[in-house]
Amino acid sequence: MVQTIALAGNPNAGKTSLFNLLTGTRQYVGNWPGVTVEKKEGWVKGLSSRMLIDLPGVYSLSAQSLEEKVAISYLLQESPHVILNIVDASNLERNLYLSVQLLEMGLPSIVALNMMDVAVSRGLQIDEKKLAQKLGVPVIPMIARKGKGRQQLLEWLEKEEPTCSRLIVPYPEQVERAINELIVLLDSAKLNLKASVRWIATMWLERNETIEQVIRQNVDPSVIERMELVRQRLGDTVDHQIRNARYTWIETLLREVTTQRRTVERTWSDRIDSLILHRYLGIPIFLLFMFMIFQITFSWIGTSLSDQLDTFISGPVTDWLHNALMKMGSPDWFTQLMTDGVLAGVGAVLVFIPQIAILFLCLSFLEDSGYMARAAILMDRFMQAIGLNGKAFIPLILGFGCNVPAIMATRTLEDHKGRMVTALISPFMSCSARLSVYSLFVSSFFNRGKAEVVFLLYVTGIIMAILTAYLFKKFLKADEGMFVMELPPYRAPMIKSLFLHTWDKAKGFVRKAGTIIFGMSVLIWFLGNFSFHGVTPMNESFLATIGGLIAPLFAPMGFATWQAGVSLITGFLAKEVVVSTMSIVYGAGDTDGSLGALLQGAFTPAAALSFLFFVLLYTPCVSTVATLKRETGSWKWTLISVLYSFSLAWIISFFVYQVARWMF
Amino acid sequence: MVLSECRIGEKARVTALLLGESRRKRIMDLGLMPGTEVQVVRKAPLGDPIVVQVRGYQVSFRMSEARYIEISDL
């Protein structure tokens, strides 16, 4: 029989590292609170039929944010076989608060005491045996990031009968009396829950929303009325009394099981923070980091790698494929399909992989090191001006990689309005797929100011996002969110994890090249070479007809060609497809000139610039739209987003074209 | 005195949380409640949000919340 193990713990306690260590999959690990936005599942390697479920990171079971609600209702309703509670040993006091709540619940548990190395470096010594004895469940010291402690944990997990804690936190007298009265009432109601009745009674007193719901659904109204009276008698301070009792219990426990060998007065993290969050230098350093990422991606490393790959694919690889097909005696049309269709289309996208990989590498570095949490704090004041908080900054930055995870990351935001607005403006963050279009155009039109033009596009995206947030927040019902951000200590990103993460993202890109872009390339080649009359020149083909239909729409922006029209339509499937479509429709595979040179004949510089702004802003790709629908839960807002971004793109490109025409 | 007036580096004890229910609970879950010792570690470049050391870790929140956290000298 399959046994489920639920992995629960504070944000940033190392849950994802432990999940990866146990299942062998590579979930993304960051160093800012809230990396896991959905619960993930995986089989435990080395054990048979044990399913590990990674719950979102929560500080408590209070169930206020969406993530806390996901976590608590899972624990309550699905009743996993074991709760694997991961605890950050270097931040015991706060982490144990959730542990106490979980252990009070009375379900079988194991505590994984993670980040032992950090605790030791701070001079903290923990008596694990005594801790295990006090908590009433096994405690396994670990360094999940480095794989230490895995074997011991697996041995415990393999045991058939996991231990339930008998942990009972002593509450003040009147609270205990109320709990006992509630236990009697709840026992008579016969709730079908595995959690301890004492725990349910405590949660009821705390006014826990999820427990409240469960009780209101399953308990007789007359009993609820009596339960309500018990709660009211205790007054408003009961939630404080309960929390205070838990923390007091933890303080006592820590005095018994830990010894502070030496105190580190000023940690390295503090020293770095006094620079990173410096009054005058903080913001310039932040801008410098952003600028460096651009330079590394577009000027210093990324572009030259991409150029080399381009020369390789359009030269030797194309020749080789052509000759190989000729030798095998393939028919002419098939050779053409392969070289002018598939290789031109897929190759045009593949050449941007070095740039995209480097962008992801830079973003992963910022995330793994712990800088993202600081960036959220630095940006909070600015985000406040558009009705969002600093936390919303993190999803938006992720949007530079891909809009889909960006929209999903909005779940970490506590208020509904903030979540909606952030999700709706995320598509304006210029994703790496759009980067391939920019790279293609800037290298053929703006050789002198490559990085500057791309930077301008990114900045425009950000400005549009800000203005849109400002506009949309007026139409969404407000519920003022609160900004709380934990500052995890900085840590040196592990090279291995940086590269794995980058590879994971780049892999998605390669996979898209092999599936959607491959398919589109074949389709476009056929549409471009046939019409109702059979084989025709491309400018009389189906493709020319389709593109020609929407082309007039772009006349005011200077690119009213059927080729541009078709590229934009196919770009809805994935923005990289714009590049592969152009590669095919401009015949980059069968002429001598590179695609860049061919584009110079088709666009004026002003039209090219205007086209780039259009690609930046117009309707995001189909996966983004689908994610937007799922996360906002509203067709209305999804549709508004689609129409709004298209109109905005049209207006902005129109202005860009008019201004650029006058300038160039 | 309230936490927003507390100078950087000074330690104080929380005496009351004058926030609405949901914010009060959230802050208490993080370990900050009447009786807890706190220290303002630093402020963000524009003076907001502030970074507070509590129960051995650092957490950041806005002045708009700090104004409703009453403190007294240790």
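A cavity, as I use the word, is a set of grid points where a 1.4 Å probe fits but cannot get out, and its lining residues have an atom within 4 Å of a point. I am working on a predicted model.

**Entry 1: cavities**

I searched the whole structure and got 4 cavities of 30 Å³ or more. I then took up the second largest cavity, which holds about 60 Å³ of space. Which residues line the second largest cavity? I listed A:M290, A:I293, A:F294, A:L359, A:L363, A:I397, A:F400 and A:Y458. Helix 13 (282–300) and helix 16 (353–369) of chain A are the elements that give two or more residues to this lining. The largest share, 3 residues, comes from helix 13 of chain A. I sorted the lining residues by kind and counted 8 nonpolar, no polar and no charged.

**Entry 2: strand 3 of chain A**

I asked how many residues of strand 3 (residues 50–54) of chain A are buried. The count is 5 of 5, so the strand is largely enclosed by the rest of the structure. The cut-off behind this is a relative accessible area under 20%. In a regular strand, side chains alternate between the two faces of the sheet. I therefore checked the faces of strand 3 of chain A one by one, given that 5 of its 5 residues are buried. On one side I found A:R50, A:L52 and A:D54, and on the other A:M51 and A:I53, all of them buried.

Next I looked up the pairing of strand 3 of chain A. Strand 2 (residues 40–43) of chain A runs antiparallel to strand 3, with 4 bridges between them. Here A:E41 has A:I53 as its bridge partner. The hairpin of strand 2 and strand 3 of chain A has 6 residues between the strands, and A:G46 in this hairpin takes a positive phi near 90 degrees.

I began with A:G302, which is in helix 14 (residues 302–327) of chain A. Its relative accessibility is 0%, so I count A:G302 as buried. Leaving out residues up to four places away in sequence, I found that A:G302 touches A:I296, A:T297, A:P354, A:Q355 and A:I358. I also noted the C-alpha atoms of A:G302 and A:A357, which are separated by 8.3 Å while the two residues are 55 apart along the chain.

I went on to A:S580 in helix 27 (residues 577–585) of chain A. A:S580 has a relative accessible area of 2% and is therefore buried. Neighbours within four places in sequence aside, A:S580 is in contact with A:G345, A:A348, A:V349, A:I517 and A:S521.

With residues up to four places away in sequence not counted, A:T460 touches A:F613 and A:L616.

**Entry 3: backbone angles in loops**

I noted two residues of chain A that have a positive phi without being glycine. A:N12 has a phi of about 70 degrees, and its place is in the loop between strand 1 and helix 1 (15–23) of chain A. A:R207 has a phi of about 60 degrees, and I found it in the loop between helix 8 (197–205) and helix 9 (209–218) of chain A. Is A:N12 buried or exposed? At 17% relative accessibility, A:N12 counts as buried. A:R207, with a relative accessible area of 36%, is partly exposed.

In chain B I looked up a cis peptide bond, from B:D48 to B:P49, with omega near -5 degrees. B:P49 is in the loop between strand 2 (37–43) and strand 3 (50–54) of chain B.

**Entry 4: chain A against chain B**

The size of an interface is often given as the accessible area lost when the parts come together. Between chain A and chain B I read a buried area of about 3400 Å², with carbon and sulfur atoms giving 53% of it. In chain A, the residues that lose the most area to chain B are A:Q64, A:R381 and A:M482, together 18% of what that side buries. By contacts, 45 residues of chain A meet 30 residues of chain B.

Technical notes:
Residues numbered from 1 in each chain as written. Chains lettered and ligands numbered in written order. Predicted model: local features only at pLDDT ≥ 70, side-chain atom pairs only at ≥ 80, totals over all residues. Heavy atoms only, no water. Buried < 20%, exposed > 50% of the residue type's maximum accessible area, 1.4 Å probe, protein only. Pairing = 2+ DSSP bridges. 1 Å grid on protein atoms, 1.4 Å probe; cavity = no way out; pocket = protein on both sides within 12 Å on 5 of 7 lines; lining within 4 Å. Points joined across faces, edges and corners; volume = space filled by probe spheres on them. Nonpolar A, V, L, I, M, F, W, Y, C, P; charged D, E, K, R; others polar. Contact = heavy atoms within 4.5 Å. Buried area = accessible area lost by both parts, 1.4 Å probe.
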